[in-house]
Amino acid sequence: MGARLGQYSLLFAALQNGAKRVPMSDAVLILGDQLSLSLSSLEAAGPDAEIFIAEVADEASYVGHHKQKIILVFSAMRHFAEKLMAQGRTVHYLAYGEKPALTGMGDVLDHIAGKTAPEKIFVTAPGEYRLDKILRGWVAPAGTSLVITPDTRFIATPEAFATWAEGRKQLRMEYFYRDLRRQTDILMQDGEPLGGQWNYDADNRKKLPANHNVPKRARRQPDSTTKTVIELVAARFSNHFGTIENFAWPVTHEEAEADFQYFLDNCLLHFGDYQDAMKSGEVFVYHSLVGASLNLGLLDPLEVCRAAEARLHTNQAPINAVEGFIRQILGWREFIRGVYWLKMPDYAQTNYFEADRALPDFYYTGETQMACLHGAIEATREHAYAHHIQRLMITGNFALLAGIAPEAVNKWYLEVYADAYEWVQLPNTHGMALFADGGVVGSKPYAASGAYVNRMSDYCRSCAYKVKEPTGDTACPFNYLYWDFMTRHRDKLGGNPRMGMVYRTYDKMDDDRRAAIADSAAKFLENL
Ligand code: FAD
Ligand code: SF4
């Protein structure tokens, strides 16, 4: 691949030097997370259009992405370029650092327009508002125009979501999900939900039994393309978060499909039962790990949902597992994207609780005595992964209760996961985990004390803190931070009907207990 990439670069360089301006057909610019053959820009431009793929410096470093994320994206881009060329397409590939002057996406567009003079440059709409603004703000030279085609790799369009949202007092995932179930006829029978229930969430909350072995994930040896990228990232991104050693993410459609089949064969059966479970040393439990591939375009969400549904029809997986899995993709993934495009750009600026504390260093170092936080952050460092409950109820819950500034928390989440792209990261972090949007994504904050972590994991057994102690130096910090958070924000949460029980419990506490909570929280936060 290295040699082949060299060839693309030479072609690119020749065009750049302008030795001879050959009249060109239309061009297609494919962005790093648009690695799908079904891309609307490819379709719109036709088979003769020349394709440009660029490893853009600004995109690799506008936040300090996890090293594994950069390896994943660059390697998958290079493999995709190979695939397109194998199909007879002309691909101009610009590898990272080859043209230091081309630092941003606007530079790349200038380059394509200036050197190859296409009448039209087609690009599929980017996933992020930031990049959309850059593309729309680009001034095309005379004779060239930029055509932005819709991203059709989702089940619902942003326009359909906006229509659904119009006039609703609250946007709730469950109702959007039901609509999409009806539209796609997934898990439906005669217009009704298969099995009689829309949602089996209540059957998705078991703790892993003590000596239960979860399936091992195969380790994939990096091929020569990935090895080249690993060397590049080790040399050029050494200051970014995370380790490289465990890199095992699929970088081609075939690898992504093989990993997904492994999930269907070995993990789907128990996905539903143990969806929320956490265990020390078990990073992946029964989760699918498809997020990184879906978000890059290596897997198609509808196909993934239908493949899972087929396992129900062949009695290879129960309904709580299949519905639970499909709800994540057909429901949450689509809903979250809809919220992002409906609410941006103001959404990112909201800060409902006016949280302003700095992000503690241990989010990057993992150095904390709190075993659950240590476990979730170490998994993140070593694999660019933590599963949903670790993201929401451990690192997210802590940031919420401690009042960490949303901007800093959002930046961390965008940096550290292999599947992180702003369209999906932001509503999850800002809305679901931090409730900084004041209730757009969720109807109440996902705040929890240590009891929740203890119920869903074995972390508390090996923790320096005591989960059963409510206050004091050795008490689990989640316990007093939880009540301190509730008291701090009573004005905003007290009227929420879903929080009534919490405040009734608080009101029954005696003054000494309340004072001890306030003392413990103040001391802890001061030393954070
Ligand atoms: P599984 O648990 O096996 O679920 C299957 C798929 O369902 C996922 O791959 C994903 O595509 C989809 N899904 C599940 N939950 C969600 C959700 N809440 N929103 C959108 N899609 C969902 N997901 C990302 O793809 N990128 C992110 O940057 C991201 N950041 C998150 C930040 C926070 C604070 C939280 C609480 C969640 C975040 N999620 C994000 C959602 C979810 O945690 C991940 O999609 C999931 O953990 C990825 O692992 P998996 O592929 O094994 O998913
Ligand atoms: Fe986490 Fe508290 Fe349990 Fe320690 S005791 S692992 S801090 S929930």
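Tutor: A salt bridge is a side-chain nitrogen of Lys or Arg within 4 Å of a carboxyl oxygen of Asp or Glu. This is a predicted model, in which local features need pLDDT of at least 70, side-chain atom pairs count only at pLDDT 80 or more, and totals for chains, interfaces and linings use all residues. Residues are numbered from 1 along each chain as its sequence is written, chains are lettered from A and ligands numbered from 1 in the order in which they are written, and side-chain values use heavy atoms, with hydrogens and water left out.

Student: What makes Asp484 and Arg488 a salt bridge?

Tutor: The closest N and O atoms of Asp484 and Arg488 are 2.6 Å apart. The limit is 4 Å, so the pair qualifies. Both residues lie in helix H21 (residues 477-488), 4 residues apart, about one turn of the helix; helices here are DSSP runs of H or I with at least four residues.

Student: Why is Asp484 called buried, and why is Arg488 called partly exposed?

Tutor: Buried means under 20% relative accessible area and exposed over 50%, with partly exposed in between (1.4 Å probe, protein chains only). Asp484 has 12%, so it counts as buried. Arg488 has 34% and therefore counts as partly exposed. Elsewhere, salt bridges with shared partners join Glu59, Glu128 and Arg130 into one network.

Student: How do you know that Arg130 and Glu59 form a salt bridge, and how many does the whole structure hold?

Tutor: The search of the whole structure finds 22 salt bridges. For Arg130 and Glu59, the closest N and O atoms are 2.7 Å apart. Arg130 belongs to helix H6 and Glu59 to helix H3 (residues 57-61), so this pair ties together parts that are 71 residues apart in sequence.

Student: Are Arg130 and Glu59 buried or exposed?

Tutor: Arg130, at 24% relative accessibility, counts as partly exposed. Glu59 has 19% and so counts as buried.

Student: What is the distance in the bridge between Asp151 and Arg153?

Tutor: Its closest N and O atoms are 2.9 Å apart. Asp151 and Arg153 are both buried.

Student: Why is Ala448 called buried, and what does it touch?

Tutor: Its relative accessibility is 7%, so Ala448 counts as buried. Ala448 lies in the loop between H19 and H20. Leaving out residues up to four places away in sequence, Ala448 touches Met393, Asn397, Leu401, Phe478 and Tyr482, where contact means heavy atoms within 4.5 Å. Ala448 and Asn397 are 51 residues apart in sequence, yet 6.9 Å apart in space, C-alpha to C-alpha.

Key: Helices (H or I, at least four residues) and strands (E, at least two) are DSSP runs, numbered from the N terminus.
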